[in-house]
Amino acid sequence: MAITKPKGTKDVYGDQAALWQYIEKTAREVAVVFGAQEIRTPTFERIELFRQSVGEATDIVQKEMYSFTDQGGREYVLRPEGTAGTVRAYLENSLYDLPMPAKLYYICPNFRAERPQEGRYREFYQFGAEYFGSYEASADAELISLAHLYLTRLGVENLTLHLNSIGDGECRKRYNDALLAFLRAKEENLCDLCRDRMGKNPMRVLDCKNPDCQEHLTDAPVPLDYISDEAREHFEQLQENLKILDISFVINKSIVRGLDYYTRTVFEFTSDDLGSQSTVCGGGRYDKLVEKNGGQPTGAVGFGMGMERLLIILRNQGKLPAIDKGIELFIGHMGDAGALKALEMANCLRKKGISVITDLGARGVKAQMKYANKAEAKFAAIIGDSELEKGRVTVKSMASGKETEIELDGLVSYFGNSQKAKGFT
Ligand code: ATP
Ligand code: MG
């Protein structure tokens, strides 16, 4: 019986896999430019980590986690987001001993049990970056500029950066009180989930996807009207920094983000070329999260960028590069002696970093050339008895059909001295 892939997942292969390599390579290059280092954390973590970090009243924890109990009776979840695991790893490995701020980045899959649709999957990849050890608005600005430079390097256009500050500490309490009073007055119009969340974290009611609820939330108080003088100053410094960085933004008072750990700065990059899931990147500051996980008070800020959504934007904006399979040469053969020579030549060239394919199918010359063509080899050469006798071989350009005869023993230096070989042997 044929078995199909899980709902909301993808198989990636061929040109699509090459495009993934391209966006991942660019992400690594940009992260390095900022002095960030890669971190790889486990794909599954203890369930408590996300309950404690992301929050009990969030969509992620209440509805979207893939959880399982292992043979030892421990409860785990497939990582639904990258920040909590990074914070855990930061503490568990004493990464606070790194030069501060510690700048970490990752490219990894996340798992959420959501309704699959364009731009929304059950397994999706994020390029994320996290800065630990700075409370300064300059850290927020630099982190945003990392995401921005990445998107710019890929040629993405027409993005909007939405910026907001949702306060922290005392001002968050004042805001929560005001919001709760507002919600209480509307209680009978809200869904069961909202009524349940009100008491746990009133801000989470604002994330409700129910249009009936949303209709009653349009006049809800916004955090920006309640933030402290310090938080406001921080927000203004961030804006000043972004202006120097030449990164334009809009202030969007309604952005609160769907995770409980955010404090002060929150932001999203959106694109009209993405369809209904318009957010490609979301992030913000989370100054209390390290402490909550047992560490010292540590200012921190991070983002997560949805890589599938990024590919959708690049496709819709015509910004995907042409894929070169990179196969330089097909070495075919006729006869047993030719086959051995082809094997030897291919081996020499591969050691020099030249991409070579040969015939592994005992096919006739015509079928071999067809294969060379289909595999998009740039050149082809066939070695048979007469080539071995003369010590010369014909190299054919597959694009132009032009043929050049060269010394058989010169084949390796002919291709092996090309640009590509540089730095390989
Ligand atoms: P959304 O509002 O679209 O549900 P979110 O606020 O849940 O997104 P975050 O947890 O902040 O998203 O994740 C950051 C980014 O990861 C999103 O902006 C998006 O690009 C991507 N992302 C989140 N969930 C998914 C998903 N199910 N499928 C694909 N990409 C996703
Ligand atoms: Mg979501």
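Start by selecting helix 3 (59-64), strand 6 (123-132), strand 9 (263-271), strand 10 (279-285), strand 11 (300-306) and helix 11 (307-316): each supplies at least two residues of the lining of the largest pocket. This is a predicted model, in which local features need pLDDT of at least 70 and side-chain atom pairs count only at pLDDT 80 or more, while totals for chains, interfaces and linings use all residues. Residues are numbered from 1 along each chain as its sequence is written, chains are lettered from A and ligands numbered from 1 in the order in which they are written, and side-chain values use heavy atoms, with hydrogens and water left out.

Helices (H or I, at least four residues) and strands (E, at least two) are DSSP runs, numbered from the N terminus. A pocket is an open set of points on a 1 Å grid over the protein atoms alone, where a 1.4 Å probe fits, with protein on both sides within 12 Å along at least five of seven lines; lining residues have an atom within 4 Å of a point.

**Largest pocket.** Now select Arg-120, Arg-257, Glu-268, Thr-279 and Arg-309, which lie nearest the centre among the 48 lining residues. The volume of this pocket (the space filled by probe spheres set on the points, joined across faces, edges and corners) is about 1200 Å³.

**Second largest pocket.** Go next to Arg-172, Asp-260, Thr-263, Lys-288 and Lys-292, nearest the centre of a pocket lined by 15 residues. About 350 Å³ of space lies here. Select helix 6 (169-186): with four residues, helix 6 gives the largest share of this lining.

**Cores.** A nonpolar core is a set of buried Ala, Val, Leu, Ile, Met, Phe, Trp, Tyr and Cys residues joined through side-chain atoms within 4.5 Å; buried means under 20% relative accessible area, exposed over 50%, partly exposed in between (1.4 Å probe, protein chains only). Select Phe-127, Tyr-150 and Phe-303, which touch the most other members of the largest core, of 50 residues. Helix 5 (residues 137-153) gives the most to this core, nine residues. Apart from this core lies another, of 46 residues, including Val-54 and Leu-95.

**Backbone.** Select Met-100 and Pro-101, joined by a cis peptide bond with omega about 0°. Pro-101 sits in the loop between helix 4 (83-92) and strand 5 (102-111). Last, select Ala-362: phi is near 50°, a positive value in a residue other than glycine. Ala-362 counts as exposed because its relative accessibility is 76%.
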